[in-house]
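Grab the model and work through these exercises one by one. Try each task on your own before you read its solution.

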Amino acid sequence: MSLALAERYVSPEEYLAAERIAEEKSEYFDGRVVPMAGARRRHVRICENIAFALGVRLRDLGFDISTADMRVIAAGGAQYSYPDVVVADEYTEIEAEEDNLDDPILIVEVLSKSTEKIDRGEKLMRYKQIKSLKHCLLVSQTAHRIEHHHRFGNDWELTIYEGLDSTVNLDSLQCDLPLAEVYRKVTVGPYPPGSSSR
């Protein structure tokens, strides 16, 4: 995505055309293109742990798990983002050829210094407008803590899980996610000074 494109209003069509040939990923919010920062090892390890833990539990249950390369559409095309982990119903052969996902069941965002504000605000608000979405997890890097936004009918409920002995209940996926597995081989703590990456 070129810097010129990132500094002016961009239509969804323009964004997608540029994004499909770009060497680095960018996200899209109501005409604004936001380049994605690189991720630090702690962030990557947490994402890998979550994807692995879900993969073990959801194997053969008819779900697909994607990591940060799957672009998700929210708010009728006003937002395109790359969540850290996404779970959706198993793709059909035709859907597997598409590069946008509009029906996630679970979205995971690992919070970071550079993304926490938008992950908790605009992104979360728009994710909650996706009709298929049942669970959104905001995962801390600075503490053993997961915020679980869970849909009940038309409403959303927040449950906070803290400590390595806690387990997130993902009833729509018929599984649990233990924090001990999320944070396996991860040392939580403050973000590095001056850090702008994830």
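Throughout, buried means under 20% relative accessible area, exposed means over 50%, and partly exposed is in between (1.4 Å probe, protein chains only). You're looking at a predicted model, where local features need pLDDT of at least 70 and side-chain atom pairs count only at pLDDT 80 or more, while totals for chains, interfaces and linings use all residues. Residues are numbered from 1 along each chain as its sequence is written, and side-chain values use heavy atoms, with hydrogens and water left out.

**Exercise 1. Salt bridges**

Task: count the salt bridges, then say where the partners Arg 57 and Glu 181 lie.

Solution. 
- Side chains of opposite charge can pair when their charged atoms come close.
- The rule here: a salt bridge is a side-chain nitrogen of Lys or Arg within 4 Å of a carboxyl oxygen of Asp or Glu. That gives a count of 15.
- For locations, helices (H or I, at least four residues) and strands (E, at least two) are DSSP runs, numbered from the N terminus.
- Arg 57 and Glu 181 form a salt bridge with an N to O distance of 2.7 Å. Arg 57 sits in helix 3 (residues 41-58) and Glu 181 in helix 5 (residues 179-182), so the pair ties together parts 124 residues apart in sequence.
- Both ends are partly exposed: Arg 57 at 25% and Glu 181 at 31%.
- Next, Glu 122 and Arg 126 meet at 3.6 Å, N to O. They are 4 residues apart in helix 4 (residues 116-127), about one helical turn.
- Glu 122 is partly exposed at 21%, whereas Arg 126 is buried at 11%.
- Elsewhere, salt bridges with shared partners link Glu 116, Arg 120, Arg 145, Glu 147 and Glu 162 into one network.

**Exercise 2. A histidine in a strand**

Task: is His 150 buried or exposed, and which side chain makes a polar contact with the side chain of His 150?

Solution. 
- Locate His 150 first: strand 10 (residues 145-152).
- With 9% relative accessible area, His 150 is buried.
- A polar contact is a pair of N or O atoms within 3.5 Å; within protein, one must be able to donate a hydrogen and the other to accept it, and residues adjacent in sequence count only if both atoms are side-chain atoms. The side chains of His 150 and Asp 171 have one at 3.0 Å.
- Contact means heavy atoms within 4.5 Å. Setting aside residues up to four places away in sequence, His 150 touches Lys 134, His 135, Asp 155, Trp 156, Glu 157 and Asp 171.

**Exercise 3. The buried side of helix 4**

Task: which residues of helix 4 are buried, and which strands do they pack against?

Solution. 
- The buried ones are Asp 119, Lys 123, Leu 124, Arg 126 and Tyr 127.
- They span an arc of only 155° around the axis (taken from the directions from the helix axis to the C-beta atoms), which puts them on the same side of helix 4.
- Their packing partners are strand 1 (26-29), strand 4 (71-74), strand 5 (79-81), strand 8 (104-110), strand 9 (135-139) and strand 10.
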